[in-house]
Amino acid sequence: MADTAKMRRLILVRHGDTGDQFRRRYIGSTDIPLSIRGRQQAAALKKMLGRNLPAVRLSSPLLRCRETADILMEGIPGRFNIDPDLREIDFGQWEKMTFGEILAASPHDVARWTEFDPDFAFPRGESIRDFQARLKRFAETLAATDADSVLAVTHGGVIRFLICQFLQLSPWQYILFEVKPASVTVIQVSEGKGTLAGLNLTAEPHPGLLFPGTV
């Protein structure tokens, strides 16, 4: 049985770039691959993380995350396990739209969205409540593991919400955090509470920051 008081390191990787055509557009359930730049970013991230990855490795089922995870695992035995709870929120009819386009079409809905109203659902998409529920399930999964470190390849919105959840911030405060493509966020977690140990780490920092003793 896992020790819930144990300190765990949650290492959250945002997938790499997906191309200029999707930049500044809301991409949630739309299943798109990495761009050439995104694959280069993932390769640089692989060098940063090294070969000594945690034994518990999870990925969103969406292609951009699976491709990032595959690049991280090149030449390393094992694989990432798919966790559906790590997928990005489904923006429904707002998929591939810019914020300006959404605001012009649905100003009232945007106000409810930015307040993180749990009863709000994206048109023909996912509700805030359901999004929160599945990420709380992920947090419970993390608490139940015996592993010292967990590596998860996921999405910007997921990472921002998990920061708020583990740091016990209000959900709407997710807007305070920018999570860049192919970056690493590190949260130290104990008894369901967390400390933000790293944000937007890229290939520049020394990998020993994440995995002490690696080169």
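This is a predicted model: local features need pLDDT of at least 70, side-chain atom pairs count only at pLDDT 80 or more; totals for chains, interfaces and linings use all residues.

Reader: Where in the chain is R124 found?

Author: R124 is in the loop between α4, which covers 107–114, and α5. Its phi is positive, near 60 degrees, and R124 is not a glycine.

Reader: OK, let's zoom out. How many helices and strands does the protein have?

Author: There are six helices and six strands. Going along the sequence, the pattern reads β-α-β-α-β-α-α-α-β-α-β-β.

Reader: And how compact is the protein?

Author: It is as compact as a globular protein of that length, because its radius of gyration is 17 Å, close to the 17 Å the globule rule gives for 215 residues. The C-alpha atoms fill a box of roughly 50 × 40 × 25 Å along the principal axes.

Reader: What percentage of the residues is buried?

Author: Buried residues make up 51% of the 215.

Reader: Now the strands. In what order do they sit in the sheet?

Author: The order is β3-β2-β4-β1-β5-β6, in an open sheet with mixed pairing. The edge strands are β3 (81–82) and β6 (193–201), and each of them pairs on one side only.

Reader: How do strands hold on to each other anyway, I mean what do they pair through?

Author: Strands of a sheet pair through backbone hydrogen bonds, either parallel or antiparallel.

Reader: So which is it for β1 and β5, parallel or antiparallel?

Author: Antiparallel: β1 (residues 8–14) and β5 (residues 184–190) pair that way over six bridges. If you want a spot to look at, L12 stands opposite T185 in β5.

Reader: Which helix packs on the sheet around there?

Author: Helix α5, residues 128–144, packs on the sheet and touches β1, β2 (56–59), β4 (149–154) and β5. The direction of α5 makes about 140 degrees with that of β1.

Reader: What about α6, how much of that helix is buried?

Author: 10 of the 11 residues of α6 (residues 156–166) are buried, so the helix is largely enclosed by the rest of the structure. Among the buried ones are V158, I159, F161 and L162.

Reader: What do those buried residues pack against?

Author: The buried residues of α6 pack against β1, α5, β4, β5 and β6. After α6 comes Q168, with a positive phi near 60 degrees.

Reader: Switching topics: how many aromatic pairs are there?

Author: The count comes to 13 aromatic pairs. Take Y26 and F91: their ring centres are 5.3 Å apart and the planes are at 70 degrees, so the pair is edge-to-face.

Reader: Which other ring does F91 pair with?

Author: F91 also pairs with F122: the centres are 5.0 Å apart and the planes at 75 degrees, so this pair is edge-to-face. F122 is in the loop between α4 and α5, 31 residues from F91, and F122 is buried, with a relative accessible area of 2%.

Reader: Last one: what is V110 in contact with, leaving aside its sequence neighbours?

Author: Setting aside neighbours within four places in sequence, V110 is in contact with W94, F99, I102 and L103. V110 is found in helix α4 and is buried, with a relative accessible area of 5%.

Methods
Residues are numbered from 1 along each chain as its sequence is written. Side-chain values use heavy atoms; hydrogens and water are left out. Two strands pair if DSSP finds at least two bridges between them. Helices (H or I, at least four residues) and strands (E, at least two) are DSSP runs, numbered from the N terminus. Contact means heavy atoms within 4.5 Å. Axes are lines fitted to C-alpha atoms, for helices over the stretch in contact, and angles run from 0 to 180 degrees between N-to-C directions. Rings of Phe, Tyr and Trp (its six-membered ring) pair if their centres lie within 6.5 Å; planes under 30 degrees apart count as stacked, over 60 as edge-to-face and the rest as tilted. Buried means under 20% relative accessible area, exposed over 50%, partly exposed in between (1.4 Å probe, protein chains only). The radius of gyration is taken over C-alpha atoms; the globule rule is 2.2 Å times the number of residues to the power 0.38.
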